[in-house]
Amino acid sequence: MDNAALKERILGLVPEAEFVENKQFLTFIIPPAKMHDLARSLKSEADLAFDYLFCLTGVDMVKYLEVVYHLESTSHRHMLVLKVRTTDRENGAVDTVCDIWRTAEFHEREVYDLMGIRFTNHPDLRRLFLEEGWKGHPLRKDYVDEVNIVEL
């Protein structure tokens with residue numbers, strides 16, 4: 001399946017998705033409520049077969065938080081990027097995809113720990129790098145660390 005056909009296939013699954021021009025990957029912004037069902041279809045449907053989640057990360061865009069998923073079909077050799085924006089910056093949450101791609105379990109814990117995005121239905125959502133009592137999420141742009149601040 002070429003990129004044009006893949007683009008139409010994704011938009012057929014989620015008509016509300018927004019296609020974003022990107023030179024390297026087909027990229028879509030997906031409504032949070034549609035992400036889990038789309039992820040299930042992307043992995044299970046034979047013509048798509050996105051069996052490899054090779055990157056999941058969180059991004060602070062100041063006005064909202066975003067989760068970015070990089071996917072690949074190892075059998076069809078196509079790739080795409082999905083972005084999900086949280087609707088609430090302070091208590092941002094999206095559904096987990098670790099029941100679809102097992103590797104997401106630790107990626108989601110990292111994003112939760114450092115960005116504060118919660119993953120609904122995650123089986124073990126707890127901090128991964130920082131201790132449980134840590135206040136705040138250090139990769140957010142509004143994070144202030146009074147103790148370890150470096151003066152330039």
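Visitor: What radius of gyration does the chain have, and how does it stand against that of a compact globule with 152 residues?
Guide: This is a predicted model, in which local features need pLDDT of at least 70 and side-chain atom pairs count only at pLDDT 80 or more, while totals for chains, interfaces and linings use all residues. Residues are numbered from 1 along each chain as its sequence is written, and side-chain values use heavy atoms, with hydrogens and water left out. The radius of gyration is taken over C-alpha atoms, and the globule rule is 2.2 Å times the number of residues to the power 0.38. For 152 residues a compact globule would come near 15 Å, and the chain agrees with this, having a radius of gyration of 16 Å.

Visitor: Which residues touch the most other members of the largest nonpolar core?
Guide: A nonpolar core is a set of buried Ala, Val, Leu, Ile, Met, Phe, Trp, Tyr and Cys residues joined through side-chain atoms within 4.5 Å, where buried means under 20% relative accessible area, exposed over 50% and partly exposed in between (1.4 Å probe, protein chains only). In the chain as a whole, 41% of the 152 residues count as buried. In the largest nonpolar core, which has 32 residues, those that touch the most other members are Leu56, Tyr69 and Leu82.

Visitor: Which helices give two or more residues to this core?
Guide: In soluble globular proteins, nonpolar side chains tend to be buried together. Among the strands that give two or more residues to this core are strand 3 (52-60), strand 4 (65-73) and strand 5 (78-85). The helices that do so are helix 1 (3-13), helix 2 (32-44) and helix 3 (104-115).

Visitor: Is Gly92 buried or exposed, and what is its relative accessible area?
Guide: Gly92 is found in the loop between strand 5 and strand 6. Neighbours within four places in sequence aside, Gly92 is in contact with Thr86, Gly116, Ile117 and Arg118, and its C-alpha atom is separated by 7.0 Å from that of Leu65, 27 residues apart along the chain. Gly92 counts as buried, because its relative accessible area is 0%.

Visitor: How far apart in space are Arg77 and Met1, C-alpha to C-alpha?
Guide: Arg77 has its place in the loop between strand 4 and strand 5, and its phi is near 65 degrees, a positive value in a residue other than glycine. Arg77 counts as exposed because its relative accessibility is 58%. Although Arg77 and Met1 are 76 residues apart in sequence, their distance in space, C-alpha to C-alpha, is 9.2 Å.

Visitor: What is the phi of Val62?
Guide: Val62 lies in the loop between strand 3 and strand 4. Val62 is not a glycine, and yet its phi is positive, at about 70 degrees.

Visitor: How far apart in space are Lys135 and Asp145, C-alpha to C-alpha?
Guide: Lys135 is found in the segment after strand 7 (118-120), and it is exposed because its relative accessible area is 71%. Lys135 and Asp145 are 10 residues apart in sequence, and their C-alpha to C-alpha distance is 9.4 Å.

How values were computed:
Helices (H or I, at least four residues) and strands (E, at least two) are DSSP runs, numbered from the N terminus. Contact means heavy atoms within 4.5 Å.
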